[in-house]
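Reader: I would like to go through one structure slowly, by question and answer. Could the structure be shown before we start?

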Amino acid sequence: MPHQGSENGRKRVFLLAARQPELERLLEDAGFEVDSRRRPLDNGVPAADVAVVFRGRLLGRNQATLIHRAGIPVIEVLTSEPMTPSTRNWLRLSNRVSKSDLVQIVRSVADAE
């Protein structure tokens with residue numbers, strides 16, 4: 001079950017990406033509590049209001065699937081144009097989206113929950 005905000009009232013974002021320190025900083029500056037991981041999940045899905053998954057060689061499609069099955073809305077950032085359509089709880093974006101636009105998308109998805 002997704003975590004609906006942290007103890008301090010901030011929305012919690014789970015960021016699964018090999019290297020995204022700039023995005024992590026931007027999310028924190030936007031008021032989010034960020035749980036950032038660089039490796040595939042191996043001990044379950046952490047509590048979060050929304051997850052951002054950067055897919056690549058290390059982080060395959062199954063990571064977004066695990067998070068989605070846990071009931072957490074997923075924003076999956078792909079290395080190419082998405083081949084399948086987005087849904088209400090699983091957005092698929094190209095990595096050409098700017099970091100500042102991605103923060104706005106995260107804010108919108110987190111507020112919808």
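Predicted model: local features only at pLDDT ≥ 70, side-chain atom pairs only at ≥ 80, totals over all residues.

Author: Residues are numbered from 1 along each chain as its sequence is written, and side-chain values use heavy atoms, with hydrogens and water left out.

Reader: Why is strand E1 described as largely enclosed by the rest of the structure?

Author: Helices (H or I, at least four residues) and strands (E, at least two) are DSSP runs, numbered from the N terminus. A residue is buried under 20% relative accessible area, exposed over 50%, and partly exposed in between (1.4 Å probe, protein chains only). Strand E1 covers residues 12-16, and it is largely enclosed because the number of buried residues in it is five of five.

Reader: Which residues of E1 point one way, and which the other way?

Author: In a regular strand the side chains alternate between the two faces of the sheet. In E1, Val13 and Leu15 point one way, and the other way point Arg12, Phe14 and Leu16.

Reader: In what sense do E1 and strand E2 pair, and which residue of E2 is the bridge partner of Val13?

Author: Two strands pair if DSSP finds at least two bridges between them. E1 and E2 (residues 33-37) have five bridges and pair in the parallel sense. The bridge partner of Val13 in E2 is Val34.

Reader: How many bridges pair E1 with E3, and what is the bridge partner of Leu16 in E3?

Author: E1 and E3 pair over four bridges, in the parallel sense. On the E3 side, the bridge partner of Leu16 is Val53.

Reader: Are the residues on the faces of E3 buried or exposed?

Author: One side of E3 holds Val50, Val52 and Phe54, and the other holds Ala51 and Val53. E3 is mostly covered, and five of its five residues are buried.

Reader: How many salt bridges does a search of the whole structure find?

Author: A salt bridge is a side-chain nitrogen of Lys or Arg within 4 Å of a carboxyl oxygen of Asp or Glu. Arg55, Glu76 and Arg92 are linked in a network of such bridges. For the whole structure, the search finds five.

Reader: What is the N to O distance in the salt bridge of Glu33 and Arg12?

Author: The side chains of Glu33 and Arg12 meet in a salt bridge with an N to O distance of 2.8 Å. The pair links distant parts of the chain, Glu33 being in strand E2 and Arg12 in strand E1, 21 residues apart. Arg12 counts as buried because its relative accessibility is 15%. The distance asked for is 2.8 Å.

Reader: How far apart are the closest N and O atoms of Asp35 and Arg37?

Author: Asp35 is partly exposed, with a relative accessible area of 22%. Arg37 is partly exposed too, with 33%. In their salt bridge, the closest N and O atoms are apart by 3.0 Å.

Reader: Which residue forms a salt bridge with Arg96?

Author: Arg96 is exposed, with a relative accessible area of 65%, and its place is in the loop between E5 and H3. The closest N and O atoms of the pair are 1.9 Å apart, and the partner is Glu81.

Reader: Where is Met83 found, and is it buried or exposed?

Author: Met83 is found in the loop between strand E4 (74-78) and strand E5 (90-94). Because its relative accessibility is 78%, Met83 counts as exposed.

Reader: What separates the C-alpha atoms of Ala30 and Gln104?

Author: Ala30 is in the loop between helix H1 (21-29) and E2, and at 25% relative accessibility it counts as partly exposed. Ala30 and Gln104 are 74 residues apart along the chain. Their C-alpha atoms are separated by 9.1 Å.
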